Amino acid sequence: MTNNSDNNTLRLNKVSRGIVMLLGLAGLLMAINQTFSLALFGFAPLGNAFLYYLIGIFLASALLCYPARAADSQRLPWYDWGLAVTALGCAIYLGMNGLRMMQEGWEFFAPTEATAIASVMILLVLEGVRRCGGWAIFAVALVFGLYPIYAGNMPGFLWSNPFTLGETIRSHVMGVESIVGVPMQVVANLIIGFVVFGIALTITGGGEFFMNFATALMGKSRGGPAKVAVVSSAFMGSLSGSAVSNILTTGAITIPAMKRSGYSSEYAAAVEACSSTGGTLMPPVMGAVAFIMASFLGVSYSEVMVAALLPAILFYMALLLQVDNYAARNGLKGMREEEIPSAWQTLKSGWPYLLSLALLIYMLLVMRLESYAPYYATLVLLGISMVRRHQRLNVQKGLDFFFQLAKSVGNLVAVLAGIGLVVGGLSYTGVAGSFSRELLLYADGSIPLMLAAGAITSFVLGMGMTVSACYIFLSILLAPALVSAGLNPLGSHLFILYWGMLSYITPPVALAAITAAGVAGANNTKTSLHAVRLGGILFVLPFLFVLNPSLILQGDLLRIVLSSITAFVAIWLVAAAMEGYLYRVGIIGYIARLFLLLPAMLLIYPGLATDIIGFSALAGVYGVYWVMQRRLFDHTVSSPEKLL
């Protein structure tokens, strides 16, 4: 479990918090300097030097913000200062020798002091991933990071020429496929900018705006507070990419509102957990993993963003349908008139947020300036906020901006540098390719078997790893096999991502559900079970788009439109079956729920014939209600209203 609690920052006093802010400022200036090739003060690091400097800055921030043990959560011990300074020192040495490292091939032969410093850096990276990612990721990073050493003793396709300890250390730190590999390159070149944009949006009042906007849109409808939770979490989750932080911010408002309107504590917490989990899938920003996916696939981020759009919309439509059906079944009303802000006034006060978001999307999709887009969008947002009194930045907000940046990026760098050890261990030994070939042989060309194996593996690994870590691991081992089997490359990678995310809402881990239960004062297990039912579409969606690329907006327009319609009808029927309420019919019994799943499953399976049969079966369900005048299932229900 990621140690992300805000209580951890209580251990920082004014001086230590100020130092973390300075680290955040230094990291931001370095990222801007590199992105825009400014060469400020003549500083223009060559080769991988830039990445080493960033690792040093943000790993030091993580070691200061996140404690080594629970006993240190209220204080900053001396050894954390020592570790932070050591991380900076090692990174500065590596960065200053970055060009020499490449020219002289230090990956293979390096001075003794360089190997010693690289050894210390690996230990610091492992400690960082333990603090920020938990023991599970630490164990994975350690086992696979050391894999080159004992690969010569492994059987079959797991065998590889072994490395010595020194060779392994030098490869991980001075090579280009481990701690300064693709994940760290993505953080440096893309993710920092989007984190900056998300924090700027939050500190200038964007969270309040999106909450008010969602309330103005959905507050009056039945079950309004739950719909507000779904829509506001979709907005904020798409910008933060973090399910837990989304729950702790929007959930603190939406969960009490849902409870006041008649939702149980467990159901309210489950709604917020599912809504916040889906935010990682919602464009335009999504989570860090989307940028890593784009780099692994060798495509632009805008392609990943477009591909993720329709599945994310379908997921949130399923949630909205379920909470609406639940409200209809239980007679829940909308919010009171005085609780709902004016839509016009909300838009009037919040247009800067929409303008900056529109600029971001335009630069991503049209101009394809992925590295620059978040910085320009942030500049526009901050520029407008400076002339609007209620949104204006002050000194305290500015300082908090740099602190949040250092803490958020520090967490990412600590985890992804550790996962870099996994990538390096598998890449240097060549085991990743061997694993994919063996999986293809074992499945004997059976795509359903491979998808089932991929789903189970992703789900199990997701229980102990962050979504980014789980995705990176499986994108190396599993994705090549899925693609080699003839499946769509982008669909295959999204398939892994979706299944890895399921652990957020499913027992025994269910991090999002447990966090939401804590906010709601609800039972953890009951909340997780409610979340599994509400987020059930997540179990189906990955199979939909990996088998039917039209749902990731690939293919001709007509096919995309038809696939979208059938997918929407399918999730509508699944929502009706889950909640026991069918539009134009009312409350339905269990037999009718089972009958609804038949056309839903037919519509889910791609193909014209199954679509025709599915729509015919749906028409038959309504026909039974109208023609038989609600008498067919009288023996299964206790009142005429529950006939179907």
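Biologist: Hi! To start, does Cys-90 count as buried or exposed?

Modeller: Cys-90 counts as buried, at 6% relative accessibility. Buried means under 20% relative accessible area, exposed means over 50%, and partly exposed lies in between, using a 1.4 Å probe and protein chains only.

Biologist: Thanks. What should I know before we go on?

Modeller: This is a predicted model, where local features need pLDDT of at least 70 and side-chain atom pairs count only at pLDDT 80 or more, while totals for chains, interfaces and linings use all residues. Residues are numbered from 1 along each chain as its sequence is written, and side-chain values use heavy atoms, with hydrogens and water left out.

Biologist: Back to cysteines, then. How many disulfides does the structure hold?

Modeller: Zero disulfides, taking one to be a pair of cysteine sulfur atoms within 2.5 Å. Cys-90 is in none, and the nearest cysteine sulfur to it belongs to Cys-132, 17 Å away.

Biologist: Switching to helices: how do helix 9 and helix 18 cross?

Modeller: Helix 9 covers residues 182-203 and helix 18 covers residues 395-429; their axes come within 10 Å and cross at roughly 150 degrees. Here helices (H or I, at least four residues) and strands (E, at least two) are DSSP runs, numbered from the N terminus. Axes are lines fitted to C-alpha atoms, for helices over the stretch in contact, with angles running from 0 to 180 degrees between N-to-C directions.

Biologist: What does that make them to each other?

Modeller: Helix 9 and helix 18 are therefore roughly antiparallel. The cut-offs are under 35 degrees for roughly parallel, over 145 for roughly antiparallel, 65 to 115 for roughly perpendicular, and oblique for the rest.

Biologist: Which residues make the contact?

Modeller: Among them are Val-187, Ile-191 and Val-195 of helix 9, and Phe-401, Leu-405 and Leu-412 of helix 18. Contact means heavy atoms within 4.5 Å. The contact residues divide into 17 nonpolar, two polar and two charged, where Ala, Val, Leu, Ile, Met, Phe, Trp, Tyr, Cys and Pro count as nonpolar, Asp, Glu, Lys and Arg as charged, and the others, Gly among them, as polar.

Biologist: How about helix 13 and helix 15, left-handed or right-handed?

Modeller: Helix 13 passes helix 15 in a left-handed crossing. A crossing gets that name if the near helix is turned anticlockwise from the far one by less than a right angle, and right-handed is the clockwise case. The axes of helix 13 (residues 265-278) and helix 15 (residues 301-330) come within 10 Å and cross at roughly 165 degrees, and the two are therefore roughly antiparallel. Tyr-267, Val-271, Cys-274, Ser-275 and Gly-278 of helix 13 meet a set in helix 15 that includes Phe-315 and Tyr-326.

Biologist: Last one: how many residues of helix 8 are buried?

Modeller: Seven of the 10 residues in helix 8 (residues 165-174), so the helix is largely enclosed by the rest of the structure. Arg-170 and His-172 are among the buried ones.
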